[in-house]
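Good morning, and thank you for coming. Please look at the sequence and the model first.

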Amino acid sequence: MFSTKSIVILFTLIASASAFCPTAKPVSATSLSLTRKEKENLWDKIIGDRTSKQIIDEKWDVGFERLIEFQGLKGNLMVPQNYKVNDYKLGGWMFRQRENKRQGKLDEDKEKKLDDLGNWCDFTEFGGPAMY
């Protein structure tokens, strides 16, 4: 299984091969063109049998796990918007969850998981704003 990040890194390495091998020809976007079938095969290798919803849910679970770690360290769920953990933008993830809740777009199961952790939207008890 290849992640999207792995594919980007691979293409970046291929494109910069001339820096390591003077006889290598530079790779342009057009020379990396794949046929529709090749793209489908590559996509199948990347995602396997997973659906796009499963992939989205897996990414959400990563954010949720990082949030639990944050709560363990800080004792609350007041994640600053620019907060990062090991290059993971937890603050941005949390902002999206609050926005999705405010707009009525947050999945009920995900909202329940967040609610079970405690106060994740209304910070008025801490002197901050209500987020929804």
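An axis here is a line fitted to C-alpha atoms, for helices over the stretch in contact, and angles run from 0 to 180 degrees between N-to-C directions. Helices (H or I, at least four residues) and strands (E, at least two) are DSSP runs, numbered from the N terminus.

Before I continue, a word on the source: this is a predicted model, in which local features need pLDDT of at least 70 and side-chain atom pairs count only at pLDDT 80 or more, while totals for chains, interfaces and linings use all residues. Residues are numbered from 1 along each chain as its sequence is written, and side-chain values use heavy atoms, with hydrogens and water left out.

Which residues make the contact between helix 4 and helix 6? From helix 4 come Ile56, Asp57, Trp60, Asp61, Phe64, Leu67, Ile68 and Gln71, and from helix 6 come Lys110, Lys113, Leu114 and Leu117. Contact means heavy atoms within 4.5 Å. By class, the contact of helix 4 with helix 6 has 7 nonpolar, 1 polar and 4 charged residues. In this scheme Ala, Val, Leu, Ile, Met, Phe, Trp, Tyr, Cys and Pro count as nonpolar, Asp, Glu, Lys and Arg as charged, and the others, Gly among them, as polar.

Of the 132 residues in the protein, 20% are buried; buried means under 20% relative accessible area, exposed over 50%, and partly exposed in between (1.4 Å probe, protein chains only). Among contacts with a separation of 6 or more, 42% are between residues 24 or more positions apart.

I turn now to helix 4 and helix 5. Their axes come within 10 Å and cross at roughly 110°. Helix 4 and helix 5 are therefore roughly perpendicular to each other. On the side of helix 4 the contact is made by Lys59, Trp60, Gly63, Phe64, Arg66, Leu67 and Phe70, and on the side of helix 5 by Leu90, Trp93, Met94 and Gln97. The residues of this contact divide into 7 nonpolar, 2 polar and 2 charged.

The next topic is the aromatic rings. A pair of aromatic rings is described by the distance of the centres and the angle of the planes. Rings of Phe, Tyr and Trp (its six-membered ring) pair if their centres lie within 6.5 Å; planes under 30 degrees apart count as stacked, over 60 as edge-to-face and the rest as tilted. By this rule the count comes to 3 aromatic pairs. Trp60 and Phe64 form a stacked pair, with 5.2 Å from centre to centre and 15° between the planes. Both residues lie in helix 4 (residues 52–74), 4 residues apart, about one turn of the helix. Trp60 and Phe64 are both buried.

Why is the pair of Phe70 and Tyr83 edge-to-face? The ring centres of Phe70 and Tyr83 are 5.0 Å apart and the planes are at 80°, so the pair is edge-to-face. Phe70 lies in helix 4 and Tyr83 in the loop between helix 4 and helix 5 (90–102), so the pair ties together parts that are 13 residues apart in sequence. Phe70 is buried, with a relative accessible area of 3%.

Trp60, Phe64 and Trp93 form one aromatic cluster. Trp93 lies in helix 5 and is buried, with a relative accessible area of 3%. Leaving aside neighbours within four places in sequence, Trp93 is in contact with Lys59, Trp60, Gly63, Phe64, Leu67, Tyr88 and Leu114.

Finally, consider the loop between helix 4 and helix 5. Asn86 is placed in this loop, and its phi is near 50°, a positive value in a residue other than glycine. Asn86 counts as exposed, at 72% relative accessibility. Asp87 is found in the loop as well, with phi near 65°, again a positive value in a residue other than glycine. At 73% relative accessibility, Asp87 counts as exposed. Thank you for your attention.

Note on methods
Parallel < 35°, antiparallel > 145°, perpendicular 65-115°, else oblique.
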